[in-house]
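Welcome! Please take a moment with the sequence and the 3D view below before reading on.

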Amino acid sequence: MTDALTAPAPHHSHPVRFVRVAGPRRTALLDAMAAAWEQDLRADGFSADQRAGRMARGDILRRSPELVLAFICDDAGPHDYPDARRAACEETMFTVAGGAAVQSLLVALAARGLGSCWVGSTIFAAEVCRAELDLPESWRPLGSVAVGYPAAPVPERQP
């Protein structure tokens with residue numbers, strides 16, 4: 001994960017955090033996230049079959065050998081602005097930096113022969129993630145990265 005932390009960030013800051021989640025804590029987190037997602041889907045009027053189909057897409061987070069969550073820390077460098085426009089720009093700038101760090105992680109994993117999949121579900125369950133992992137409110141989830149060895153070699157993409 002150290003490769004990912006070399007991604008550029010605003011104001012010479014270090015706002016990105018990666019958390020490896022394993023064992024019973026991983027199961028508890030994924031169960032809590034699934035319950036929250038199920039509740040949202042029910043509220044949206046999805047049928048049981050539709051909910052099951054959508055929920056199954058997150059199974060990769062349970063099956064992968066490793067699970068890493070990415071966060072941007074709002075107390076790690078952003079400037080405070082008195083107006084909403086510049087405050088929103090600052091938040092966007094740090095979110096983009098977090099995306100660059102996750103991309104760097106994915107590239108570093110691929111360079112080591114590992115497969116990965118970036119799943120955005122933690123973004124939709126921010127409060128659940130922070131509660132289950134006992135993290136401060138200032139940590140904003142940027143998604144989960146499922147990590148493992150590919151079942152088959154990944155073909156090279158054409159330029």
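## About the model

This is a predicted model, in which local features need pLDDT of at least 70 and side-chain atom pairs count only at pLDDT 80 or more, while totals for chains, interfaces and linings use all residues. Residues are numbered from 1 along each chain as its sequence is written, and side-chain values use heavy atoms, with hydrogens and water left out.

## The whole chain

The protein chain contains 6 helices and 4 strands; these are DSSP runs, helices being H or I of at least four residues and strands E of at least two, numbered from the N terminus. Along the sequence they come in the pattern β-α-α-α-β-α-β-α-α-β. The C-alpha atoms fill a box of roughly 45 × 40 × 35 Å, taken along the principal axes.

Of the 159 residues, 36% are buried. Buried means under 20% relative accessible area, exposed over 50%, and partly exposed in between, with a 1.4 Å probe and protein chains only. Contact means heavy atoms within 4.5 Å. Among contacts between residues at least 6 apart in sequence, 78% join residues at least 24 apart.

In soluble globular proteins, nonpolar side chains tend to be buried together. Here a nonpolar core is a set of buried Ala, Val, Leu, Ile, Met, Phe, Trp, Tyr and Cys residues joined through side-chain atoms within 4.5 Å. The largest one has 20 residues, and Leu29, Met33, Leu69, Phe71 and Leu133 have the most contacts inside it. At least two residues of this core come from each of α1 (23-43), β2 (66-73), α6 (126-133) and β4 (139-148). Apart from this core lies another, of 14 residues, including Val16, Phe18, Ile72 and Val147.

What does leucine 69 contact, leaving aside its neighbours within four places in sequence? Its partners include Phe18, Leu29, Cys129, Leu133 and Ser144.

## How α1 packs

Two packed helices are described by the angle between their axes and the distance between the axes. Axes are lines fitted to C-alpha atoms, for helices over the stretch in contact, and angles run from 0 to 180 degrees between N-to-C directions. α1 and α6 pack at about 155°, with their axes 10 Å apart. That makes α1 roughly antiparallel to α6, a term for angles over 145 degrees. On the α1 side the contact is made by Arg25, Ala28, Leu29, Ala32, Met33 and Ala36, and on the α6 side by Val128, Cys129, Glu132 and Leu133. By class, these are 8 nonpolar, no polar and 2 charged residues. Ala, Val, Leu, Ile, Met, Phe, Trp, Tyr, Cys and Pro count as nonpolar, Asp, Glu, Lys and Arg as charged, and the others, Gly among them, as polar.

α1 also packs with helix α2 (residues 48-56), at an angle of about 145° and with the axes 10 Å apart. Ala34, Trp37, Glu38, Leu41 and Arg42 of α1 meet Arg51, Arg54 and Met55 of α2. This contact has 4 nonpolar, no polar and 4 charged residues.

## Two residues to look up

Cysteine 117 sits in strand β3 (residues 115-119) and is partly exposed, with a relative accessible area of 29%. Its C-alpha atom is separated by 5.2 Å from that of alanine 146, 29 residues apart along the chain.

Aspartate 134 belongs to the loop between α6 and β4. Is this aspartate 134 buried or exposed? Aspartate 134 is exposed, at a relative accessible area of 67%. Aspartate 134 also has a positive phi of about 55°, although it is not a glycine.

Methods
Angles under 35 degrees count as roughly parallel, over 145 as roughly antiparallel, 65 to 115 as roughly perpendicular and the rest as oblique.
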